[in-house]
Number of protein chains: 6
Amino acid sequence: MYLAHLNWQQAKRAFAKDDLVAIIPIGSTEQHGPVGPLGTDFLIPDYFAKQIEKRTEVLIVPTVPFGIATHHVEFSGTIDIGFDGLYAVIKGIVDGLSRHGVKKFVFLNGHGGNTPALDKVALEANKKGCLCAQIDWWSLAPMLNPAWKGGHGDGQEVSMIMAIDEGLINKDDLMETKVNHLSDKLKNIHLNAVDFKGATIKVIRSVDKVVNSGGYGGSDSYSANKQWGEDMKVALLDYIVDFVNEFKSVKL
Amino acid sequence: MYLAHLNWQQAKRAFAKDDLVAIIPIGSTEQHGPVGPLGTDFLIPDYFAKQIEKRTEVLIVPTVPFGIATHHVEFSGTIDIGFDGLYAVIKGIVDGLSRHGVKKFVFLNGHGGNTPALDKVALEANKKGCLCAQIDWWSLAPMLNPAWKGGHGDGQEVSMIMAIDEGLINKDDLMETKVNHLSDKLKNIHLNAVDFKGATIKVIRSVDKVVNSGGYGGSDSYSANKQWGEDMKVALLDYIVDFVNEFKSVKL
Amino acid sequence: MYLAHLNWQQAKRAFAKDDLVAIIPIGSTEQHGPVGPLGTDFLIPDYFAKQIEKRTEVLIVPTVPFGIATHHVEFSGTIDIGFDGLYAVIKGIVDGLSRHGVKKFVFLNGHGGNTPALDKVALEANKKGCLCAQIDWWSLAPMLNPAWKGGHGDGQEVSMIMAIDEGLINKDDLMETKVNHLSDKLKNIHLNAVDFKGATIKVIRSVDKVVNSGGYGGSDSYSANKQWGEDMKVALLDYIVDFVNEFKSVKL
Amino acid sequence: MYLAHLNWQQAKRAFAKDDLVAIIPIGSTEQHGPVGPLGTDFLIPDYFAKQIEKRTEVLIVPTVPFGIATHHVEFSGTIDIGFDGLYAVIKGIVDGLSRHGVKKFVFLNGHGGNTPALDKVALEANKKGCLCAQIDWWSLAPMLNPAWKGGHGDGQEVSMIMAIDEGLINKDDLMETKVNHLSDKLKNIHLNAVDFKGATIKVIRSVDKVVNSGGYGGSDSYSANKQWGEDMKVALLDYIVDFVNEFKSVKL
Amino acid sequence: MYLAHLNWQQAKRAFAKDDLVAIIPIGSTEQHGPVGPLGTDFLIPDYFAKQIEKRTEVLIVPTVPFGIATHHVEFSGTIDIGFDGLYAVIKGIVDGLSRHGVKKFVFLNGHGGNTPALDKVALEANKKGCLCAQIDWWSLAPMLNPAWKGGHGDGQEVSMIMAIDEGLINKDDLMETKVNHLSDKLKNIHLNAVDFKGATIKVIRSVDKVVNSGGYGGSDSYSANKQWGEDMKVALLDYIVDFVNEFKSVKL
Amino acid sequence: MYLAHLNWQQAKRAFAKDDLVAIIPIGSTEQHGPVGPLGTDFLIPDYFAKQIEKRTEVLIVPTVPFGIATHHVEFSGTIDIGFDGLYAVIKGIVDGLSRHGVKKFVFLNGHGGNTPALDKVALEANKKGCLCAQIDWWSLAPMLNPAWKGGHGDGQEVSMIMAIDEGLINKDDLMETKVNHLSDKLKNIHLNAVDFKGATIKVIRSVDKVVNSGGYGGSDSYSANKQWGEDMKVALLDYIVDFVNEFKSVKL
């Protein structure tokens, strides 16, 4: 059931169902390393939402293609709507639907940077009697299979895009990632974190100051392959559909 | 050229072209009368953008599916992100792209209520050396053919949806529109305007106080037909493609 | 009845009347072409309000002399309080009066740029049970007589000022308006719109980029004359007084 | 020289003078005790500005009739535009004029509650090279003559209104002011302050919780008389004109 | 009773007492003249709060060490959280405690610049049934003894710091204060005020434009001495404890 | 070196050192389970800062005792200054110090909920040439020793408080924590997360809806003991001092 395809009378009838779950695909338009398309973070949730809709009755909200991408604006093609912008969008969706009876929401999220705004909406909604679950597919994947770890614009994300639409990866643009570590003794292990004596300390820098290619994570973008993407896709979809069905039965 | 499908290196190369025009399809998710789908206002610009892309080289930005819909929130399924929300989104897009060289933007707009936020972004962008054109298809249509007049959720919009995807119109939900005029002598001629002695005065009311069905305009939703939509679609697309080509050649 | 001249006890007694209508004259202080005074947009509503008060019982709120004038700030003497500033002022007026019983408001507006803020207040007020009518005199005039068309700082506005206070027009400053069209094929027909193949497309530019003189509209400022102003003034006042009386009798 | 009466070319020529001082009359529309008109706080600065203009060359900005009146909103007729609203208005004025060359401003203020917003604008303007003086006539009066002390809506303000327009005082509405002290040992000596053992402690309460009549100060509203107003008016005008002339000669 | 030392169950039990008074020590971290420590404005309220707690049952809230210090940011070490920042902090405290039953608050304030934000919170709190008293120790001191007058970073404040912790004053940094008067005829008598013909006019300038040393007031920093501080300290503490006890007994 | 204890001349001299690191202790005042004091989150960073100062030259900024605690406001004694409030405070600190030459900051943070505001400041500061490290002691502890895991108000935090000031723990208030799981199949494993088939999904609820006692984490509050706290304290301090020394030598 696609919200955008219903007229308001159909929506009214649909919202009368107590166990209705609304799926909000949320992403970002931002650089994703040397070959990841700018839309990576919303194309994946958008694809997942369409698949979920085929397997269980849910309400699919139009995909939110822009998010909080301040770290990435030094790279061409990045759009950043900021905390306030994303908060306004998600708040608008949740308030608009809950006003007419929808009480359960799943944020199908493709971008870690969006989390602060999603958390704020979720807490406020809960204080008014709603429930919001947030599914970050890239974090969920290694919980299903530890081999599926990944980071921003690296093998994990690129593989998933390959599984959805291989044509979106232009291999000619592959490049080696060179890391500009904070110092010799404070080596970056993530975009925003350094290792010091075996433990991790957060040090936030603009992405362009850390890596030339924009991509950085547990695996290299060269490592991406379609099969990895397919495997994750199948496992994640099965899991998420099961979760959504379980979530429907939660008593409020 | 779809922004979401480019990687940042492709975007960087594309943005180097002086005459690049970015098309931003912008709409709303809100009630559209008895049978118009909630997504009417963004589905049409989204469709148009895809057609334009086939006929001339442009950059298509991901469609903005939510807008300013405060008048309509009493009807199920309406999402309102408010002035501040829409401003943040459009500002984010224009700032993000112009930072890396894009200077010309076309707002392909499907919802009149969005105008204040679009105007603000356009003026600010112009003061920094950019140009934004705004195309409101429903206003442009009767300039091309006076018979194509229309209003919110009535024959004009419903016909256009029929031309794009006839399956989105559920005729079982058709209903007669009953207008609750402001008074016997102040009859509504639009949702937000009354006639008084042959002239028009703006009096803004929440839509649900004005019409039972949510739709209101120059024509009734019963009058919608696919052919009308097809005729408008063809004429509008020809015109817009011509305009975009002309707009490319404007010197900044 | 002037709000500023009442003490609070008189106000309390006055607000007890069910059909009380509050008139809020609203304008802007901004450039008005070569000879239009900076106060054009508020001096006219201010004058009208005083005349209305002589002919029917209304509550006249102090005139709001500043508005949204971002397009014009490149010209000396322009004051811009922005969307948020004007919204705060008008919201403050409507909330303050409605809290103590006033339910009907007429925005006697002299500046088109103010509309987004007025619309927002009007809709919010309606959702709380109030009614706001907006009268834009320059738009109303050609509805009463098609010959009375006009634009920013041109014959129509200057003529009206002449009818109110001829001394405010300094003819020595008359100058020819030269238009910097967007391109040869995209000729400006308004400050914010171009003609393309017989239809109109909005392209917003800062006013100083469009015209040297700041004034632009359906008629030239050379065409202004006092008689035109007098004719409009008489007809508009008659119409507005009649409207206000009709508006009083609307049932809430 | 009235800003509203100049066209932009006259403004441009006027602003070229190095020693130009802009006078901004600022007030409030709020209850002023049993007989003080709601406009007291702006009618007085408005009157003063007009007199100053006759005696020395200055630029008079349109009077700001609304201010920060949150303490008073429980009384009919009070308008409160809040800190953010007043800040936007005054900031708009100072930024708009200073952008085109005006560097010195006098806030001719009639309402103590406005001070925080005026201070903020003044400091920011100074950091950009401007100077703002603030004249609170009711505080200045007792510095010229200790007998002229006064408070909100009491003898001092009412006398001044009598000297400007006696018809604005409706003596039938005079009433005795009854003070609801904070406690027997914490007696109010101002609206927002109590005496404790001979010293003063600020305790802010909504005005309606402190006095029935809304007026309270160093003198009773019964004590108002036109002569007192005349004496203050003459002395204040002389002083202010002298100050403005001195202020003109300050080197920036 | 220190809020930070209670667990929530202890807090719940404590808040059940009707006459509970919460003391909020509030200051600023900003330059305080040649020898006053940057923390002067919060160290004093912090000290006072600890002494009060020994003498009467009160709830001591954690000290707020930052305030509105925009005037002072040109001097090293100054922190300015602005009006909105301080308002958010104090509002957060008052709302958080009043939600669970605390109704009376004493703002033990060390910095005059904080007043606008404290006033706003106090008024809003009163409209919801709470009472906030504000004690500005430097203003209270000369009400107890006229010899104890003082200004920013001068003898009065430095003496008080000496009485609390003499080691915080580094006499090697003493310097003569040189005032940059507004003009020969407009001599500064405070940081933000000039004398003109025996009366005082507010003219706000950034502090670094007025005095080289940052300190300025009724007395010189050379005049500071520990005994003066001790005398004030004892008298103020006695007075404040008495006031707090009286404040407890006020009926709401 | 304590910022609050320096005068501005000392600050100026201190800030001239290139490798200066400013330590900002940041916490929250909020419920911490049955026996954790409300100040837990700032008392610990405050204590750590004092110890660090003894072992290496740093600038200690006054402790920020309030943070983002919206999840916890249903429990007595919780103060929530929200995202905007905390952002204003931390932004004020970093901007104020960096303006005068300080370029490196360590956020010594005691509360996970503060992270979004700290991240925003850190990124903005980095874009202006500064570096901010964030140390969350409760996350760092299990990186040093996996046995030291903990959650909100449970054994880990309570043990650390015991090591700092045992008197702050009132054992009489110990109570059993009862968890209100989201459903039988969606069991909470953290305050904001449930387990579903071995993986974790975020579902944010107000804390009072999840646990009766407010405390919840990897260990029970009954398990707290002073020795655990001492062990963590010693190891963490050693590590943090080493890190700060390394951070000093980073080239900007």
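A: Two strands are taken to pair if DSSP finds at least two bridges between them. The model discussed here is predicted. On that criterion, seven strands make up an open sheet with mixed pairing, and their order is β2(D)-β1(D)-β3(D)-β4(D)-β7(E)-β6(E)-β5(E). At its edges stand β2 (59–60) of chain D and β5 (187–190) of chain E, each of which pairs on one side only.

The two chains join within this sheet where strand β4 (residues 131–136) of chain D meets strand β7 (residues 199–203) of chain E; the two pair in the antiparallel sense over two bridges. In β7(E), E:Lys202 is the bridge partner of D:Gln134. Strands of a sheet pair through backbone hydrogen bonds, in either a parallel or an antiparallel arrangement.

Among the buried residues of α4(A) are A:Leu118, A:Val121, A:Ala122 and A:Ala125. An α-helix has 3.6 residues a turn, so residues three or four places apart point the same way. The cover over the buried residues of α4(A) includes β1 (21–26), α3 (82–99), β3 (104–109) and β4 (131–136) of chain A, together with β7 (199–203) and α7 (207–210) of chain F. Just after α4(A), A:Gly129 adopts a positive phi of about 100 degrees.

Helix α3 of chain A contains A:Ser98. This residue counts as buried because its relative accessible area is 15%, under the 20% cut-off. Apart from its neighbours within four places in sequence, A:Ser98 is in contact with A:Lys103, A:Phe105 and A:Cys130.

Chain B is superposed on chain A by a rotation of 180 degrees with 0.0 Å of shift along the axis, at an RMSD of 0.0 Å. That is the relation of a two-fold axis. In chain B, the C-alpha nearest this axis belongs to B:Gly85, 2.7 Å from it. Of the interface residues of chain B, 100% are also interface residues in chain A, so the copies meet through the same surface. Chain B does not touch chain D, their nearest C-alpha atoms being 15 Å apart.

Terms used
Residues numbered from 1 in each chain as written. Chains lettered and ligands numbered in written order. Predicted model: local features only at pLDDT ≥ 70, side-chain atom pairs only at ≥ 80, totals over all residues. Heavy atoms only, no water. Least-squares fit on C-alpha atoms with pLDDT ≥ 70 in both. Contact = heavy atoms within 4.5 Å. Buried < 20%, exposed > 50% of the residue type's maximum accessible area, 1.4 Å probe, protein only. Helix = DSSP H or I, 4+ residues; strand = E, 2+ residues; numbered from the N terminus.
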